[in-house]
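This report is written for a reader meeting the structure for the first time. Please keep the sequence and the model in view while reading the sections that follow.

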Amino acid sequence: MLFNSYDFIFLFLPIALIGYQIAAAFNRKAVIAWLGLASLGFYAWWRPPFVLLLLLSIVINYCAAVLIARNVDKAARARFWMVGAIVVNLAVLGYFKYFFPVLNFWSAALGFQAHWSDVILPLGISFFTFTQIAYLVDLQQGTAQLEGPFSYLLFVSFFPHLIAGPILHHREMMPQFRDDDRRGLVWSDVAVGLSWFIMGLGKKVILADHFAPTVNALYSVSGPLPAVMAWRAVLGYALQLYFDFSGYSDMALGLARMFSIDFPLNFSSPYKATNVIDFWQRWHITLTRYITSYVFSPVQLWIGRRRLAKSKKISRKAMSTPEGFASMVAFPMLFTMGIAGIWHGAGLQYVAFGVLHGVYLTVNHAWRLLRPKPAPKSSAQGPAAGRLRRNATTVGCVLLTFLCVLIAQVFFRSDSCHQAVSVLAGLVGFHGLGLRTGLPGESSGEAAHQFARMAVAFAIVWFLPNTQQILARFKPALERTPWDTEHGNRFLLWSPNIRWALVLSAVFLGALVGLKDPSTFLYFQF
Amino acid sequence: MAAASSTSVLDSADSPEQLRRYVFWLLAFTATIWLLPFIFVRLPGFLRWSGSNYGSMLEYSFASSNANADVVIFGDSSALFGIDPLQMSAKLGLKTINLPNTMSSLPVTDDMALRQYLAHSAPPRLIVFYFAPWNLNFSNIDDPDKLFDVSPPPCAFSICPTSSKGRVCADGPALTFLPRIPELACRVNGHRDIEARDGHGLAGQGRHHGAGDDADLLVAGIHGIAHVGGALPSTSSRRS
């Protein structure tokens with residue numbers, strides 16, 4: 001079921017809220033059971049048989065968790081069950097997500113005619129697989145405790161995060177499930193959650209879906225794109241992806257909040273990032289956290305131990321040498337981002353996307369480690385000049401970061417590396433400027449209108465506060481970010497008053513009208 | 001379950017009453033404005049006041065129940081302007097009805113008119129789905145001649161497990177619309193076939209929206225045919 005569908009908004013959500021309120025009259029277990037049941041119903045709505053796969057995954061992993069917990073004193077046994085469960089999880093994920101694409105890739109590469117149809121990818125399989133793997137790893141390492149089966153089921157399947165994240169961590173969720181102080185609907189949470197959901201719905205339906213047809217048409221053009229069309233495609237997709245994922249994240253966090261559950265923040269104005277490290281702390285934040293904890297850090301730790309065994313240093317100073325930097329930063333970073341690329345899909349373009357970001361991050365870390373220290377401020381420079389210089393530097397950094405992100409997104413969006421390279425060549429004018437070229441059937445001013453609409457959208461992206469900043473008074477997410485406090489305009493701070501009710505009502509109506517042909521979220525495919 | 005709420009209440013000076021009122025007004029505004037048009041269009045004389053040239057025609061789709069036609073045409077304005085049910089009735093010798101829709105009305109009403117008709121009429125022998133080649137998608141007018149040149153045609157969904165042909169083929173945004181048809185057709189009867197057409201003929205017709213004047217009788221380029229039962233004359237032989 002899609003969040004942006006009439007079925008969800010007018011049927012599922014009201015039933016889930018009413019059922020939650022009724023269950024709250026009984027006890028905490030009833031609430032957890034109801035939310036778990038509703039979440040399974042939510043998943044089954046898409047394709048009922050696949051809920052069996054989800055349930056099977058939960059049952060197998062929970063059994064593994066029980067076995068690990070029972071053997072936590074016997075490290076080898078606990079490790080055996082953990083590794084076994086991870087292998088099963090990855091095998092299932094590999095079958096559904098990678099097996100046939102890889103088979104077809106090699107079939108084509110080796111010149112065979114055979115082509116196998118892809119199997120249907122179960123929605124959210126990556127998300128519920130990785131959530132469970134993290135739990136098992138932490139359980140084996142003694143940093144998690146065994147939960148009851150219904151709490152575990154809800155932790156994995158809670159519908160606001162089930163399909164496309166955020167990737168939850170048990171340490172954040174389980175205490176909330178255990179909290180028995182207050183149950184039932186809380187008006188402050190319903191008001192904040194509903195408002196956040198509507199803001200996200202507006203981003204998705206009114207903004208992201210608006211750019212989708214043109215972007216799809218441009219990326220479907222057979223043959224090279226001239227510069228103007230290539231820029232339209234690339235900038236349009238940057239906006240589509242931004243508002244799509246941002247809208248989804250807002251909806252997911254808002255929905256959870258309606259049930260008085262806080263999710264971790266997943267999206268925080270990434271295009272305002274001043275460098276690529278900053279970008280990944282704002283874009284798909286929970287994925288960054290996940291791959292840092294469960295891929296990057298273990299690899300870095302393993303390398304550190306190997307270096308120590310060889311009597312090599314692992315200090316910051318050692319990291320600043322070319323050899324130390326290559327082994328302790330560059331290799332783990334490229335490896336991790338390569339994995340992150342593959343996580344996004346089976347295709348060389350996704351690997352290229354990941355590796356490209358790995359290179360960006362490596363360069364960024366190298367710059368931080370190796371750059372010369374800034375010169376002391378000149379006394380001749382006044383405060384105004386200094387501020388101007390700082391602002392200009394910030395704008396330059398934001399634009400440079402955005403350009404790097406744009407280039408990687410071309411690989412992310414393209415059907416193949418070949419197409420990505422062609423689009424990139426188009427961006428720099430290899431296929432001509434194409435000032436008068438447009439899509440077939442497009443009126444002459446359409447391209448200009450499209451650029452104007454993109455300018456408005458970029459103004460929203462860069463100059464307006466994001467939704468968690470607007471809702472900052474009510475601490476909408478689990479944690480505050482450093483950027484939450486940047487918001488200074490009190491006029492744009494959300495308050496439960498008539499003005500905001502009118503504004504969000506208009507957004508809600510606009511979105512409801514646009515819902516007649518609901519589209520999926522881009523991150524659903526991952 | 002209230003880790004969030006305790007913090008939010010602390011952060012906020014707003015009373016629960018104020019928050020409750022806010023939620024009420026938000027939903028009330030939305031519901032009122034959302035429902036107003038539905039009330040408005042039900043007012044007597046709306047069709048006359050609205051100034052729409054299409055209102056009466058679209059209304060006809062919903063008011064033509066119990067026509068008990070043998071052939072039902074359902075499509076966008078290409079069908080509306082391109083098919084004359086009187087001519088078709090005369091040439092086929094079968095009672096034909098055209099349920100008018102337009103490209104703008106279909107995304108709103110979906111297949112409601114067809115469902116309404118079938119719920120209150122005898123099952124037709126043939127349902128013709130007749131859509132312009134851009135398939136309700138304006139950005140899809142790249143090359144009309146190639147629009148349906150998809151080999152094999154993308155099969156969208158299963159129809160009936162018992163059906164001999166079993167699948168209907170459609171492409172483009174029509175996919176969002178057509179999947180509703182099978183269940184509806186299954187309700188009409190237990191033994192109908194679905195036949196896929198590639199629509200090459202329609203590609204040419206679609207260049208000129210109002211091709212009715214010089215169009216063939218109709219059947220060139222129909223999008224898909226739900227053959228509901230009983231023997232029908234061959235469609236191809238009926239092209240003039």
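A:Arg307 and A:Glu323 form a salt bridge, with 3.0 Å between the closest N and O atoms; the term salt bridge stands for a side-chain nitrogen of Lys or Arg within 4 Å of a carboxyl oxygen of Asp or Glu. The two partners connect distant parts of the chain, since A:Arg307 sits in helix H12 of chain A and A:Glu323 in helix H14 (residues 322-344) of chain A, 16 residues apart. Helices here are DSSP runs of H or I with at least four residues, strands are runs of E with at least two, and both are numbered from the N terminus. A:Arg307 is buried, with a relative accessible area of 6%, whereas A:Glu323 is partly exposed at 41%. In these terms, buried means under 20% relative accessible area, exposed means over 50%, and partly exposed lies in between (1.4 Å probe, protein chains only).

## How the model is described

This is a predicted model, in which local features need pLDDT of at least 70 and side-chain atom pairs count only at pLDDT 80 or more, while totals for chains, interfaces and linings use all residues. Residues are numbered from 1 along each chain as its sequence is written, chains are lettered from A and ligands numbered from 1 in the order in which they are written, and side-chain values use heavy atoms, with hydrogens and water left out.

## Other salt bridges of chain A

Over all chains, the structure holds 12 salt bridges. One of them joins A:Glu172 to A:Arg289, with the closest N and O atoms 2.3 Å apart. A:Glu172 belongs to helix H8 (residues 170-178) of chain A and A:Arg289 to helix H12 (residues 285-309) of chain A, so this pair ties together parts that are 117 residues apart in sequence. Of the two partners, A:Glu172 is buried, with a relative accessible area of 16%, and A:Arg289 is partly exposed, with a relative accessible area of 28%.

A salt bridge also connects A:Arg257 with A:Asp189, where the closest N and O atoms are 2.7 Å apart. Because A:Arg257 lies in helix H10 (residues 227-258) of chain A and A:Asp189 in helix H9 (residues 187-220) of chain A, the pair ties together parts that are 68 residues apart in sequence. A:Arg257 is buried, with a relative accessible area of 0%, and A:Asp189 likewise counts as buried at 0% relative accessibility. A network of salt bridges links A:Asp189, A:Arg257 and A:Asp262.

## Two serines with positive phi

Which loop of chain A holds A:Ser260? A:Ser260 is found in the loop between H10 and helix H11 (276-280) of chain A, and its phi is near 60 degrees, a positive value in a residue other than glycine. At 1% relative accessibility, A:Ser260 counts as buried.

A:Ser269 lies in the loop between H10 and H11 of chain A. Although A:Ser269 is not a glycine, it has a positive phi of about 45 degrees, and it is buried, with a relative accessible area of 3%.

## Where the two chains pack

Two packed helices are described by the angle between their axes and the distance between the axes. The axes of H9(A) and helix H2 (residues 16-41) of chain B come within 8 Å and cross at roughly 35 degrees; axes are lines fitted to C-alpha atoms, for helices over the stretch in contact, and angles run from 0 to 180 degrees between N-to-C directions. On the H9(A) side, the residues making the contact include A:Trp187, A:Val190 and A:Leu194, and on the H2(B) side they include B:Leu19, B:Arg20 and B:Val23, contact meaning heavy atoms within 4.5 Å.

## Chain B and B:Tyr117

Chain B has 11 helices and 7 strands, and buried residues make up 44% of its 240 residues. Among the contacts in chain B with a separation of 6 or more, 74% are accounted for by residues 24 or more positions apart.

B:Tyr117 lies in helix H8 (residues 112-119) of chain B and counts as buried at 1% relative accessibility. Leaving aside residues up to four places away in sequence, B:Tyr117 touches several residues, among them B:Ser64, B:Ala67, B:Val72 and B:Leu99. B:Tyr117 and B:Ala67 are 50 residues apart in sequence and 8.3 Å apart in space, C-alpha to C-alpha.
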